[in-house]
Every structure is written in structure tokens, then in C-alpha cells.
Amino acid sequence: MLFKKRSFDDAPAILEIRDLSVGLASNGLEVLDKVSIRIRKGETVCLVGESGSGKSVTSLAIMGLLPKGALEVTNGSIELQGKNLIGLSPQGIRAMRARSISMIFQEPMTALNPVMRVGDQIAEVLNTHTKISSREARQRVLDIMEQVQLPNVERIYRSYPHQLSGGQRQRIMIAMALVLEPQLLIADEPTTALDVTTQKQILSLIAKLQEDHGTAVLFITHDMGVVAEIADTVYVMKEGQVVENAPVERLLREPKEEYTRRLLRAVPSLVPRPPRPMDATKDALSVSGLDKLYHGTGIFTRTPSVHAAQDVNFVIPRGRTLGIVGESGSGKSTVARCIMRLIDPTAGEIRIADTEIAGLSRGELRPHRKHIQIVFQDPFRSLNPRWTVGKSLTEGPINYGMPHKEALAHAAELLELVGLPKDALGRYPHQFSGGQRQRIAIARAVAMRPDVLVADEAVSALDVSVQAQVLQLLDELQQKLGIAILFITHDLRVAAQICDDVVVMQRGRVVEHDTAANVLSQPRDDYTRSLIEAAPGRAWDFANFRELEAV
Amino acid sequence: MAAAPQPMSAMQTVLGIFSLPRNLRVGIGPMIAAGVLFAIVLVTACAYLIVPHDPLAMNALQRLKGPSAEHWIGTDAYGRDLFSRVLVGGQVSLLIGIGAAIISVFIGLLIGLVAGFFRWADAIIMRIMDSLMAIPAILLAIALVALNGPSIWSVIFAITIPEIPRVVRLVRAVVLSAREEPYVEAAIAVGSSMPKILWGHLMPNTLAPLIVQGTYICASAILTEAILSFLGAGVSTEIPTWGNIMAEGRNYFQLMPSLIFWPGLMLSLCILSINLLGDTARDMLDPRLKKREV
Amino acid sequence: MLGYIIRRILAVIPVMTIVAIFVFLLLRLSPGDPAAIIAGDMATPERLERIRESLGLTEPLHIQFVTWVGLLLQGDLGTSLISNTPVTTMIGQRLWPTINIAVLTIILSVLIAVPMGVIAAWRHRTWVDSAVMSFSVLGFSIPVFVIGYIFIKIFSIELRWLPVQGYAPPSQGLWPFLQRAILPCLTLATIYVALIARMTRASMLEVLGEDYVRTARAKGVKEKVVLFRHALRNAAVPIMTIIGTGFALLISGVVVTESVFNIPGIGRLTVDAILARDYPVIQGMILLTSFIYVFVNLIIDLSYTFIDPRIRY
């Protein structure tokens, strides 16, 4: 693993945050507690932490963008080249933005004004802060668009955000941020919403521009892989405090704080799990020739037909896990939803416990539903907020004729099985954390005693430490109950941890299908190879604080 | 001359409620509204116990008289006691408001649930609702009353019909977004039947917005009753309602503005309170607004 | 783009067809003998017969409908039972005063309401916001004719600034027109302003919480630019929608206001028709106003494509 090794001991500080505290305006509750961060010229500082650690609040405080009336700075200073930004007049802060410090955000989908041409949005920065002519401004916009490696800049200048891809939009954001060559760029999870291959491009673009312009970067992320790739210095945050900071290599090799060690240990390894013996029992799920075609509609206007899934074949034996890996738009979720019959496949066979379900009508399907259950991505939306956990857990068994009392007793056992207290039965979803809710969702699925469990990005919305626990729970349940798991994920690390076999999908087609070990260590398909190469920090074994041996 | 400043000062009093200090305003506005509404409902409900005169008793000698000890706020063109008429008139107005709200919410909920969940029904139902919405409510109500006669139920019916499409659209929108929720898909996956999902998972989502919508419909129904009466297409003129009292007063407006002012004030205070309570309920029940406030 | 426009225009056909069916059935399906209802209690048998004839009530229902729609498509809305003039002629004579008042009201309302809503959202939770919201709740709570009478009392009777009632067409000079139109317009505008200001505020509040507003602020642009260039245009679609659906309120407001201010427009025509139970006129007015409503909303629908580039199906 090649870490950045430049020393910044002699470089002048661009931004110096001292003892910054931020509190809720309503009750003064501390959100940030005496945070101190120093960013030097040309340096990339990574701010890592799990959700709620205060990383984004820190960045908004620097920009003076804390939501008015909700959060306010209660203590400390933020000095930009010796000038304190706190207490600056609104005009002073406005003049500083984009000229000295600029910021890019996580969601390139929503961070650009949808009704303004993107070129004009970049030009607006110039019009606001400089007095150059509109022709000159246009030229400078086109220049910076070239620099962020956008193709066909004249055309893209005139485009609206919705006409561009996620990666292109993030390039526009970067262009907008860097057009005035600020000393500091704050990037708040700028690649989290992007696919890995796009993420790789954006990361190397930021690195290149940073080198060209000597910009300092404050990079906020939750992804240790990204940290390993780009950081000079790392600050680890937890519950509003900086718990540790060190140059990247030292932090990853010799983390001092227990919290940092725990965080690193939870990062799933890219080394596939040891292959499990295959007891030649029967298949729990077999899919063959699965097709899903979305027809273009309209009489006067044509929307093109989309082949969301095409000729997908696989089988999952009892007690084993098959992963479907792919980027957004690969059709992996379409496959999951077809198998659940939440949408109807266009063609193909889906066989569960010897019953072909692809051709059944909704009514005919109902008796077979219990054999296959699903866990969704978003733990906050997958449980009915108005129902007690007990009611959610018993809904299914009661549908299949279990008496209410028995179902409730069964639900209590299940809660214990997924590691939650029995009294959770009477409580409502909002009283639980995301990880706990995901456990409840798993319990609801398991309550049906299914043969197959479909996990559709089931751990993607969770912090790494919680993610590790949920993955372990799935593993235990599988051993106890012998369920076959279909695991849909975009994350190769997660797939490596849990899957016996892996299917790689790209644009609705299966490009590779093999054991996890083979797919990850000897990929045959180019696309698979590029996916693996794009995985950030892939040469580092985070959990053991050392280089990865077997790559 | 005498009565002219009164409406303005009344409005200023009402406006005064809102200029209270910021931290008090949120709590006090709705509380005053609730108090006013409660008082109006109580007084009108018990009107016959309170009124000093028979609201229907005419007296040719007492026509269009100003306030006196006998007639506290004067008499109308037939010498009937205005105070008694305004109190009793509230009964029918409130009955129409509440009746229209309950009926339109209930019917709208049923149609909206069907439209939101069953694709085949959706297109037809929504075309019909679009068409109903295209007909201006007042004109539709006028035509319905003109044809069905000036009874109270006919007026309630006439006000309800144009309100239903709005409820249907609201319910349908809520159902359409709720049915995409993973917990609904999970319910499908555990084998729950369509009616069960509709009633157990989807319908509860519509209740909060429906309560809010119901208060607005109640307010607008009371207003519509007044307008219908004013246009001569409301409840039979023999029955005192706020609208009928004002409608009779319009011919004597220059002479006796209080014939419009007093029922108008009662009606406006009543609607104002209902609207304010509706707004408060909406702010409390709308999770998106709440999120923004955090 | 063209496809979208054509589809929107075609979508008007089913809506207007159903409206026509409603209007047709309204009379025929009401309990009792429609002719008797229209004629009133004192009707002579001859008059009843004449009403049945003129409404074509003697034929079977489906034939009545076909005849009626046939005439409708030729622009024939029937003949008044009272004056014996064609309904279209009657409407034509009364249309202009209403259009003048309505257009003036809409312009006035939008010019007042949109800035009000924007400022209320910008100054969320301050006295400005409360004042706008209070005004808007008040606007919803007072019957439109009471507002009209209050205006007359203050500006015409007490202050004697303006004439009490009446109407003068703009062709007789702009000042006499405005003198008589301003109070009806303000009366009508009250509820419309309340509605639009409220929606503008809500829509702006929503948009001001969006990421791209934060981006705009992060660029360092002025608050005024954030509000009007970035936020308002994104907030515009719901505002336009409410202007369109609020048009129905405006129509009922017109009916009331014209009789308060004694303006010889189609609103007065309607009220007179109600009092006289002149059913063909009522029917014609419902069809006409529904058509105007649908047409206005069609225009607004189409204008979305210019406001928001994402809307192009």
C-alpha cells in the first residue's frame, strides 16, 4: 500500500480550528465539543467518523452555513490565514466563500440547481466575486470544465443537471468550487453517492487539481478505504470530539485510541471468506432465463425500452449465500424484486422449494410467499412506524394461520435470536437505532421460516461497526436455520465477507459467476477486474493494521 | 358612521393576537382560537336556552331598530331580534360545516383508497374527479340546491360534492407514496392480503392529513353556506342561518350595516378559529415541517 | 415537446366530456319533475309544457343527450326560459366586464402575493412571517361579500373616495374604469392573495431547505439572488398550480362580487338566472366556467415546461 508520505511540518497553516464547540440553539446541547483541526497548504486532511460524529457540522461551521436558529457556534475560533471567521459580518463571510474556501457536497443529484444551466451556475461564481466580462467569464468556465475533464464542454455548458450523470455533476461541483482557485476545498462525502469506478475517477481528479493548484483539502468521509488512498493526515471523530489525529500511515498501522482500533477492525476485508464445504443437498432457489423488460410507453413521445435484467441464471443450495454485485443500474435490485415477485418478470423461471412462482398469479402466489422473505436497505422505512414491533413480527405468521398468542411467543423468541430484549415487542420502531431496526426486519423475515432470504443492500445504510454485527447475525442465522441467502450489494468488501458464490452484473447482464474466492482473486471479466481495482484501499488489511498479504 | 370603525377594530384585535412575543405566539394563538371556537359552539348549541326573544317572532313596530335594552344589537327588517337570530343561526351554519366535513372526508377516503391502490380504478376515478374539480364549486352547489330544494340536507349535499375530489386527491397521493414504502412491500412479502394492507398499513397514513383537511373543509363549508344564502340559493329563508341573516341584510346595508356585521363577525371568528386550529394541527402532524425545525 | 403539448390538449377532451355529462345529468337525475322545479310552484300547465319542450325533456334520455351535445358542439347553449334570447348571446353581452375585472385581479394578486410569500419564507418565524400568515388566514375566513361591504362602507360611504357601485368599460376612459373596478378587484383579490401568498411561502420554505440553495450560499451569492434566482424559480411550479386551481375560487368570487358591486358581468347574469330558475343559463354558465377553468389550467400546465426543464415527457 502506497501511502502519501509528504511532510507538512514546514507548510504554513491555511485553516486553524481551535476548540470549536457548536450547540443546539434550542437547548444548548453540544454537537461539537472543543474540536481542533489544522490544515496546512497543499495538505489533504481526512475527517473520519460514523454517522452523528459531527464531521458535517464541522464543515458547515467553517463555511458559516450552520442552519440558522438551529445550530450555533458557542466557543472557539476558526482562523483562515490568521483571520477569525467567527463573528465576521454576513458580507465578509460571503466574500470569503468560493474565493478562499469552497465546498462540494455529498449528493451531486440535489446540490445543483435543477432549473439552471450548469455552465451558468459555474459562471455565477465569477459574476459574484469578480468584475470580468461575460465573454471572459464564459471562457474561464469552459477552461475549468476542461480541467475537470468533462467531455464536450460546449454542450455540457448548456445542459441542465438532470441531463448529466452523477459523476459529471460532481465534476461540475468541483469546477464550481475551484474556478476561483481557493486555498481550501472542503469535500463532504463527495463520492459516497457514486459508484466505485466513478469514485476512483473523482478521487484522482481531486488529487490532480490539488497538486496543480496547491489547494488544501478537508475531506470528510466514513470510508476507511478512501482515507487510505488520499489522506495526508487523518482526524478521527466520535460524538462531537476529535479522538485521534495522525499522519495516515501511522494512524492505520499503529492506531492509539481504542475507538480508532475498533473502527478499523470493523472494516470488512477484501479477502474472501474461506470457502465452506458444499453439502450436496437440494437447491433452495433456482433462477433460469430471468428477463425483465421495461417497455417504452407513449403514443406521441417515445421512451426507450430498458432491459433491466437479461437471461439471469443461478441456483442457491440450502445453507449457502450467493451475492449479486454490481453498480447502480446493473439490474441487481431488479432481479431481487422479480424473485420476490414485487414486480413481475417478463420471462424466465423462478423455482422455490420445487414450486415455479414466476408464472403464478397474485392470488396463487400467496401460499408460497412464506418460503422467500426479504430485508430492505433502509432501516428507517422498512418497519411500519405506527405498529409495535410485536405487531410487525406477528403479521406474517398470523396470515398463515398461526394463533395470535403463539405468534407473539414465537416473536419473542425471535427477538432473542436476533439479539434484542423481549420487551421490544411492545415498543415502536422509532425507539430503536438503525442497526436494531435492521435486526427487527431480519426477525420479521425469519419469523416466516423461509427457505430463502433476500437481503437487498441490507447493510449498506449502516455504519461499519453495526454493519459487521448485522453480517455476523445473518451468518449465525444461516448456520442455525439452514436458510439460503441471496445477498444484493454494491460493496465488494461486504460480498467478500458473507458470500460463498458471487454473481457480477453489469447493465442487466451477468458478466461473471463463480465462487467468491475465484471472482475476487482471479477475476476473468474486464468489468469485474475494474470493479476490484476501483475498490479504495484494497491493498491494506485494515482490521489487522497491516498490508494485505494474499492479493 | 357609527358602525364603520367596528369591523376594522375587530380585525385589529385579531391581528393583535399574532404580534405577541415570539415564544408565546405558538402556544397562545391556537389556544385563543380553541377558546373562541369552544365559546361559539357552546353558545350556539345552547342558543335556545340563552336567547331573549323568539328568533322567528316578527314585530312590525320594531323594524330595523338600533341597539336597545330590549334588543341588544337591534332588529331586522321584520322586527325580529338580531341577537337571538345570530345565536340560533349559528346552529344551522355549524351543522352544515361539520356535516359537510365529515361526509366529504369519509366518502373521499373510501374513493381515494381505491384509486390509490388499484391501478385499474385509478384512471377512471381520477378523470371523474378532475372533471368535478373543473366545475366551480359555487356554481355546482347552486345548481344542486336549485334542483334539490332549499333544505339543510340539500345544502350539505351541494357543498359536499365539490369537496370530495380534493379529499380523494389527497388520500390518493398519500397512498401512492406510502405504497412504495419498504414496509408495505414487506407486508406483501409476508403474504398479507390487499384489503389488509390497505386498511392496516396505508389508511393510517391518511388520517393526519385528513384531520387537517377536514377542518379546512368545515371552515370553507360554513363560508359556502353563507355565500349560497347570499346568492339566494341556500337554506330556505325561513330558517335563520348566518348566511340568511346577512342575505336579508344586504338590502338595508346603507341603513343598518349591523345586519351584516354581527353575523359576519361571528362567522369570521368561527372560521378563523377553525383555520388556525387546522394550521396548528398541520404543523404538528407534518413530519417534514418538524424535521426542518430540528 | 410537441408530443407533450398535444397530449395535454387531448387530455382536456375526456375532462370536458365528463363535465358535459355531469351538467346534462344534473337536471335529469334530480328528484321530481325538473320542469316543475324550474317553473316553480305557481306554474301553469302550459308553461310546464313549454319548459319541457325547450329543454327537450320529452324524449328518451340518450336521445336527449345526443341532441344536446350536438347543439353544444355547434356552440348552441340553448335559449333562456325568461328572455327567450340564446344563452350564448346573453353571455356574450356580459362577458367583457367580468374579463376586465378578473384579469386586473389576477395581475394585482400575483404582484402582491408572491413577494409577500417570498419574504415570509425568508423571514421564517419572525413578525413579518406571522403578519403574512395572519393576513392569509384572515383572507380565508371572511366571506367575500362581507369584505366587499366593508370596503364600500370605508372608501365609498365614509371617505367618499370612490363610487359606491356600478361599472364603466375601459373604452369610456381608464380613470372611470379604474375608479369603479378597484374595489371589486381588491375584494376579489383578498382571498386570492391569501391563497397564493400561503402557497408561495410553503413552497419557498421547502425549497430553501434544499441542497442547491446551500450550494448557492456556499458560492457566496447575495441573499437576494439566492431567493429570487435560485429559490423562487424552483418554487414556482406549486405556485403556478395554486394560481390555476385558485381560479375556481376567483370564479365563485366573481359571482358574489358582481352582485355586491352591481357590475353587469356574467356573475350577475348567473345570480339573476338562479333567482329566476333560468336553467339553460345556469347550465351554460357552468359549462363556460368549467371550460375556462380547464383552459387556464392547461396553459399553466404547459408553462411548467418553460419553468422546469425536467418536465418534458
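This is a predicted model: local features need pLDDT of at least 70, side-chain atom pairs count only at pLDDT 80 or more; totals for chains, interfaces and linings use all residues.
## Helix 11 of chain A

A residue counts as buried here if 20 or more other C-beta atoms lie within 10 Å of its own. The buried residues of the helix are Lys332(A), Ser333(A), Thr334(A), Val335(A), Ala336(A), Arg337(A), Cys338(A) and Ile339(A).

Just after helix 11 of chain A, the backbone at Arg341(A) adopts a positive phi of about 60 degrees.

## Domains of chain C

Chain C is assigned two domains, with domain 1 covering 2-73 and domain 2 covering 87-307. Their C-alpha centres are 31 Å apart.

Contact between these domains of chain C involves 13 residues of domain 1 and 12 residues of domain 2. On the domain 1 side, helix 1 (residues 2-28) of chain C gives the most, with 11 residues. By class, this side of domain 1 of chain C has 11 nonpolar residues, 1 polar residue and 1 charged residue.

## Contact between chains B and A

Chain B contributes 14 residues to its contact with chain A, and chain A contributes 21 residues. Within chain B, helix 8 (182-189) and helix 9 (194-230) each supply at least two residues of the side that touches chain A. Helix 8 of chain B provides the largest share of that side, 7 residues.

The side of chain B that touches chain A divides into 9 nonpolar, 3 polar and 2 charged residues.

Note on methods:
Residues are numbered from 1 along each chain as its sequence is written. Chains are lettered from A and ligands numbered from 1 in the order in which they are written. A residue is buried if 20 or more other C-beta atoms lie within 10 Å of its own, exposed if 12 or fewer, and partly exposed in between; C-beta atoms are placed from the backbone. Helices (H or I, at least four residues) and strands (E, at least two) are DSSP runs, numbered from the N terminus. Domain bounds come from an automatic or database domain assignment. Two residues are in contact if their C-beta atoms, placed from the backbone, lie within 7 Å. Ala, Val, Leu, Ile, Met, Phe, Trp, Tyr, Cys and Pro count as nonpolar, Asp, Glu, Lys and Arg as charged, and the others, Gly among them, as polar.
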